[in-house]
Amino acid sequence: MPDQYRILKEPDLRAYLSALPEVSGKLGGVPADWTITEVGDGNLNLVFIIKGSTGGIAVKQALPYVRLVGESWPLPLSRSHYEYLALVHQARLAPSLVPDVLHHNEALALVAMELLEPHIIMRRGLVAGTIYPRFIDDITTFLAQTLFFSSDLAMPAAAKKEGIAAFAGNHALCKITEDLIFTDPYRVAEQNRWTSPWLDATAAAFREDLDVHVAISRLKLKFLASPEALIHGDLHTGSIMVTERETRVIDPEFAFYGPMGFDIGAVIGNLLMSYLASAGHERAPGERHAFETWVLETVEKVWTEFSRKFLKLWRSEAKGDAYPPTLFAGGKGAERLETERQAYMARLFADTVGFAAAKTIRRILGLAHNIDFEWIEDEKMRALCEARSLHLARDMLVNTASYAAIGAVTRAAREARDWQPNFAR
Ligand code: SR1
Ligand code: MG
């Protein structure tokens, strides 16, 4: 008899896990002695940490609704299945950069996985001003490997289409993104919020600005209609766990075949928010200068290292149906293909800049905010940091073509750090 979905309470979870040898072996001791703590602080799911005498595990269970909002917003449990599929795929392509999966139960919408300890959610570390020396290399390996190897550059067309089909049912999660990132912040929507009254005029301006509406709609179309690769789909700094020596990407429940720039832009946009929120966390002027310098250097290297690794894979591992080698034979063909690769990367960079901007705007004017700003206690200071981020993001969104290289993004971010909005009250 397959399990029937129920929201697992502690005794039920304990009994369920004790019947799984792969789990009880890891935890050790007797189930009655295991400690179980619900620690989920995300927007959607339950997350339990279970510890026994010899080890620990994490268990994530999807709720049939959006946790942040409640039962009035139902959400399919199938997202747990897509998360499991994505974790397995990512583990194959980027081993050691995702948690090991120990067990999955589709009916219970549950995934049991390796407990990441002493890792913390990267966003929390960034708010505290911590530098992560491994991050650039790890995240660019994750991005290059997962995106390249699920793209038409690496995959035969039939296998790629099977992949698209395998994730096509995850449309409810895509719809969250389509609404919360690409639509709601630009219209009157009940669940929008912002730091009022300081950002009232700015929020209204975003609702009226047709240049912004065209730019965000082009990105939305790209998100809807560009199955370039299997993307993580929610790769913000709350979906990354870190120590100073390790990086792990978690929570790929939004995975589907979409535009690659959405993942790269998520990383860069969230780093830019961390940079511009930093002033709100300093106790003395200049105190976080070294951290802020590292964040901007990281923004630059995320793009340059990703691009280097992706191009290296393209030059050596292009077994997909795109760009057939027979069409690019000989010295001239090779030269022309290399020019084309550069053009491809330039297009991907433009997508990245646009999506980074979209990911920023949604966190300030939409439903789901982030602690980078929310934990700035002085509301006017928070609004100042947010206004600077919106100022930068609007320009990246509308004038994307003027950002020819990543240096232009970090230059504009530095200028935004000193930009003074006019908070007319
Ligand atoms: C209602 S869900 C809000 C957000 O949380 C997730 O982490 C995604 O970013 C989603 O957009
Ligand atoms: Mg998440």
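Predicted model: local features only at pLDDT ≥ 70, side-chain atom pairs only at ≥ 80, totals over all residues.
Local features were required to have pLDDT of at least 70 and side-chain atom pairs pLDDT 80 or more, whereas totals for chains, interfaces and linings use all residues. Residues are numbered from 1 along each chain as its sequence is written, and side-chain values use heavy atoms, without hydrogens and water.

The largest nonpolar core comprises 103 residues, and Phe-306 and Phe-310 have the most contacts inside it. A nonpolar core is here a set of buried Ala, Val, Leu, Ile, Met, Phe, Trp, Tyr and Cys residues joined through side-chain atoms within 4.5 Å; buried denotes under 20% relative accessible area, exposed over 50%, and partly exposed in between (1.4 Å probe, protein chains only). Because domain 1 (10-114) and domain 2 (120-424) both give residues to this core, it lies between them; the bounds come from an automatic or database domain assignment. Phe-310 is in contact (heavy atoms within 4.5 Å) with Ala-144, Leu-147, Phe-148, Leu-153, Met-260, Tyr-344 and Met-345, not counting residues up to four places away in sequence. A second, separate core has 19 residues, including Leu-17 and Phe-48.

Most peptide bonds are trans, and most residues other than glycine have a negative phi. A cis peptide bond joins Glu-117 and Pro-118, with omega about 10 degrees. Another cis peptide bond, with omega about 5 degrees, joins Ser-196 and Pro-197. Ser-96, not a glycine, has a positive phi of about 75 degrees and is exposed, at 55% relative accessible area. Tyr-323 also has a positive phi, about 50 degrees, and is partly exposed at 25%.

How values were computed: Chains lettered and ligands numbered in written order.
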